[in-house]
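Here are my notes on the model, point by point. Please read them with the structure open.

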Amino acid sequence: MLIETRVRERIEAGKGITTLVFDAPMEARPGQFVMVWVPGVDEVPMSLSHIGPHAGITVKEVGEATKALSCLRPGDVIGIRGPYGNGWRLSGGRILCVGGGVGMAPIITAVEAAGDPGRVAVAIGARNHGEIIFEERARSVSNDVRITTDDGSYGLKGTVVSLADTMMKEKRYDLVLGCGPEVMNKFLLKACKDNEVPCQLSLERLMKCGAGLCGSCVIDGLRVCADGPVFTGEQVERMAEFGKCKRDDAGLRVKL
Ligand SMILES: Cc1cc2nc3c(=O)[nH]c(=O)nc-3n(C[C@H](O)[C@H](O)[C@H](O)COP(=O)(O)OP(=O)(O)OC[C@H]3O[C@@H](n4cnc5c(N)ncnc54)[C@H](O)[C@@H]3O)c2cc1C
Ligand code: FES
């Protein structure tokens, strides 16, 4: 069901990255997403970066819909459907959460849900300092938060996957949660295999219905919207299309 709501708060989370908090409440599991309708523009999938009495999303500007979302101001009307998807399945034991760029948007809700600053560690990575998001939020719920940037402008210079690999070698983790660009997920999966730590990765594909009906988000027979967006490492390993291709607006396979 589409809920019409208003933007309650607009926060600049990073360079070209905006958080919109809505008037609507939303109970959801960390890692679930909503379909966000921008009147007159488009409807796009967005992970929930805020769950509870005031739901919220965190948007990176890449095209028309995300630009329109970023331009919204408090009081503006939008529509949301959801929550959709499965979300993370948090196990007991120590968890390493790895967020690349705007992939930190759903990851931060998992870090908060872990509920114990001693059992959850966070690796945050982005292209540069301006694109690092939710560092303070992570530090308030985890005792071990580390940062990387591709250009070295903040934290360690390098990729978030090499940081996660170092962290897995330093300490034993029972689970890794990852969200970021597909190339990040691909190398994170390999690092988790090398360190023998099970992982759950949140994947992205073009979505139209968001509810498991249209087939536009299918990857190797699994619907990212309904069977995911979070898949286990074993599931992802069996996906021949993972890291190689996706479907475009017309449903044709295109190289990543
Ligand atoms: C389950 C799920 C959760 C998502 N959660 C978030 C979120 O929390 N925050 C967020 O900002 N985005 C999120 N996205 C991605 C977001 O839906 C897309 O960025 C958005 O649909 C792009 O719409 P657009 O009209 O702005 O750009 P389009 O016109 O569709 O695309 C513009 C250009 O950007 C490229 N592009 C599209 N998506 C991305 C991307 N993710 N990264 C880099 N380039 C891209 C396109 O290939 C194209 O070249 C999520 C996607 C999925 C499937
Ligand atoms: S977006 Fe329609 S089936 Fe997933």
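1. Shell around ligand 1. Ligand 1 is surrounded by 19 residues, where a residue is near a molecule if one of its heavy atoms lies within 4 Å of it. P45, T58, K60, T66 and E204 are the closest. By class, the shell holds 10 nonpolar, 4 polar and 5 charged residues. Here Ala, Val, Leu, Ile, Met, Phe, Trp, Tyr, Cys and Pro count as nonpolar, Asp, Glu, Lys and Arg as charged, and the others, Gly among them, as polar.

2. Basis of the values. This is a predicted model: local features need pLDDT of at least 70, side-chain atom pairs count only at pLDDT 80 or more, and totals for chains, interfaces and linings use all residues. Residues are numbered from 1 along each chain as its sequence is written, chains are lettered from A and ligands numbered from 1 in the order in which they are written, and side-chain values use heavy atoms, with hydrogens and water left out.

3. Where the shell comes from. β4 (42-50), β5 (56-60) and α1 (64-70) each give at least two shell residues. β4 supplies the largest share, 4 residues. Helices (H or I, at least four residues) and strands (E, at least two) are DSSP runs, numbered from the N terminus.

4. Polar contacts of ligand 1. A polar contact is a pair of N or O atoms within 3.5 Å; within protein, one must be able to donate a hydrogen and the other to accept it, and residues adjacent in sequence count only if both atoms are side-chain atoms. A ligand oxygen is 2.7 Å from a polar backbone atom of P45. A ligand oxygen also lies 3.5 Å from a polar backbone atom of E64. Alone, ligand 1 exposes 910 Å², and the protein buries 65% of that. Areas come from the Shrake-Rupley method with a 1.4 Å probe; for residues, only the protein chains shown count as cover.

5. Aromatic pair. How many aromatic pairs does the structure hold? There is 1. Ring centres of F33 and Y84 are 6.0 Å apart with planes at 45°, so the pair is tilted. (Rings of Phe, Tyr and Trp, the last by its six-membered ring, pair if centres lie within 6.5 Å; planes under 30 degrees apart are stacked, over 60 edge-to-face, the rest tilted.) F33 sits in β3 (residues 33-38) and Y84 in β6 (residues 77-84), so the pair ties together parts 51 residues apart in sequence. Both F33 and Y84 are buried, meaning under 20% relative accessible area; exposed is over 50%, partly exposed in between (1.4 Å probe, protein chains only).

6. F134, worth a look. F134 has a positive phi of about 65° although it is not a glycine. Its loop runs between β8 (120-126) and α3 (135-139). F134 is buried, at 12% relative accessibility. R137 lies over the face of F134, 4.8 Å from the ring centre; the test is NZ of Lys or CZ of Arg within 6 Å of the centre and within 35 degrees of the ring normal.

7. E196. Phi of E196, also not a glycine, is positive, near 55°. E196 is in the loop between α5 (182-194) and β12 (199-202). E196 is exposed, at 63% relative accessible area.

8. Cis peptides. The bond from G82 to P83 is cis, with omega near 10°. P83 lies in β6. G228 and P229 are also joined by a cis bond, omega about 10°. P229 is in the loop between β14 (222-223) and β15 (230-232).
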